[in-house]
Amino acid sequence: MLVTGVCLSLFTGVFVARRFQAVDIFLFWVLIPLLIVSLKRHGIVALVLLCVFFFGIGWWRGGMYMRKLATNEVFYHQKVTVIGHATEDAVYGARYQLEFTMNNVEVISPAQAPLVGNLTVRGFGEPAVYRGDTVRVTGKLFPTLGNNIGSISFAELDVLTRGTSWIDAFRRRFAAGMQSALPEPLASFALGLLIGQRSTLPDDISTQLRHVGLTHIIAVSGYNLTIIVLASRRVFAKRSKFQTMTVCLGLIALFLLITGFSPPIVRASVISLLGLTAWYYGRDIKALVLLLVGAAITVLANPLYLWGNVSWYLSFLAFFGVLVMAPLVTKRLFGAREVSLLVSILIESACASIMVLPYALYIFGETSLMSLPANMLVIPFIPFAMLLSTVAGLGGLAFAAITGWVAWPAKILLTYILDVAGLLSRVPYAYTEDISFSWQVMMLAYLLLGSIVLVLSRRVRRLLFVPKQCHKGGAK
């Protein structure tokens, strides 16, 4: 109750900061006494005071970020020259432009000033741009909605220095190892699963995946990492906590290394680390509290997430499906019986897809009638495909002589996934575009899903917990 109230108050404060400017001196002289008083009180009074305190913290943090964003407005709708670092490998987009995202952006003309947030860049002048490269971009800057604060199209690109970090070097060597281990298009598909690289994936396969609602599997997704960590805990459940913790931390570190600390994987890592730490020390933390704390940490780090970052909302909706809804559905269907790993992943995948669907319809306005069967047939095998693809890539990187033997399990599973996508994409009327899905309908859908979760939680308690009277001679 306390953590939920505090986190919701923090989110409200960040929302308010988007419209109303915080007064720093007022907040300082009011919030600090509130915190001191709340620590000396108990019950509802302490809860109210803490909620007011964290509302002020959210308001103050959002206000600080809004003031930083205000400096960006000076440069909108005019030609600028900026220098920044590429956060991903560039791909060819519309009109054969190289397209990528930059961070740590600094304007050098017409004035010198930092730009807050990430920038979408599309342009010409370089054959390739890789993650970690320092790039100079010249073009007209426009504001955008969504994940990035602005975009420059038809820009002039000039790579000043190539990325020299060992992480970027390892990532490129790993991609080369994958190309050695697997034939095309399986190698490109595996790289899409692991690091979201879609530049080398053939257009026909991208179209098939989109038409059956499986595009999300070739995007860098924290959901996949969450599934793998949960599955690893189940596999190593009968071993020591230390061994289980070591394996899970190794998987998290490997994914962070391969994906280059992409935001979805970082968010999933925060959630997984909080849950693993609580489990290791024998603490029982409710899944909803875990999600709220993880969301609060990421919002404090970057309020832009709460103000309209689509991937942030999709991530936490999927997390809610996996960590909150799926256990309730599993206990309702199977009670206290042990569930196989495959069935568990199937339920988690279905719940995540259900939670994401209304928001995805509202944002993208498209869906596939084959999405549910495709996800049911494919998603349970995605964690295994990612794991086997990682083994294949590392095998191609380190053991070129025997890479064929190392890679054949990944080859079989990846072929199965692409065959399912190709078969279902040929079903008539499988894909529908331009769906009108208003925000009111979206909210009604989530109210319905929330009601279902509440009903399931009550019924699960009745199913799993025996009343105390039963221990004293039976129920009365």
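Nine aromatic pairs are counted in this predicted model, where rings of Phe, Tyr and Trp (its six-membered ring) pair if their centres lie within 6.5 Å, and planes under 30 degrees apart count as stacked, over 60 as edge-to-face and the rest as tilted. Tyrosine 65 and tryptophan 307 form an edge-to-face pair, because their ring centres are 6.4 Å apart and their planes stand at 65°. Tyrosine 65 belongs to helix α3 (residues 44–70) and tryptophan 307 to the loop between α10 (287–301) and α11 (310–334), so the pair ties together parts 242 residues apart in sequence. Helices (H or I, at least four residues) and strands (E, at least two) are DSSP runs, numbered from the N terminus. Both tyrosine 65 and tryptophan 307 are buried (under 20% relative accessible area; exposed is over 50%, partly exposed in between; 1.4 Å probe, protein chains only).

Tryptophan 312 and tyrosine 313 also pair edge-to-face, at 5.0 Å centre to centre and 90° between the planes. Tryptophan 312 is buried, with a relative accessible area of 5%, whereas tyrosine 313 is partly exposed at 24%. Ring pairs join Trp312, Tyr313, Phe316, Phe319 and Tyr359 in a cluster.

Threonine 120, in strand β5 (residues 119–124), is buried at 14% relative accessible area. Beyond neighbours within four places in sequence, threonine 120 is in contact with Phe100, Asn148, Gly150, Ser151 and Ile152 (heavy atoms within 4.5 Å).

Residues are numbered from 1 along each chain as its sequence is written, and side-chain values use heavy atoms, leaving out hydrogens and water. Local features need pLDDT of at least 70 and side-chain atom pairs count only at pLDDT 80 or more, while totals for chains, interfaces and linings use all residues.
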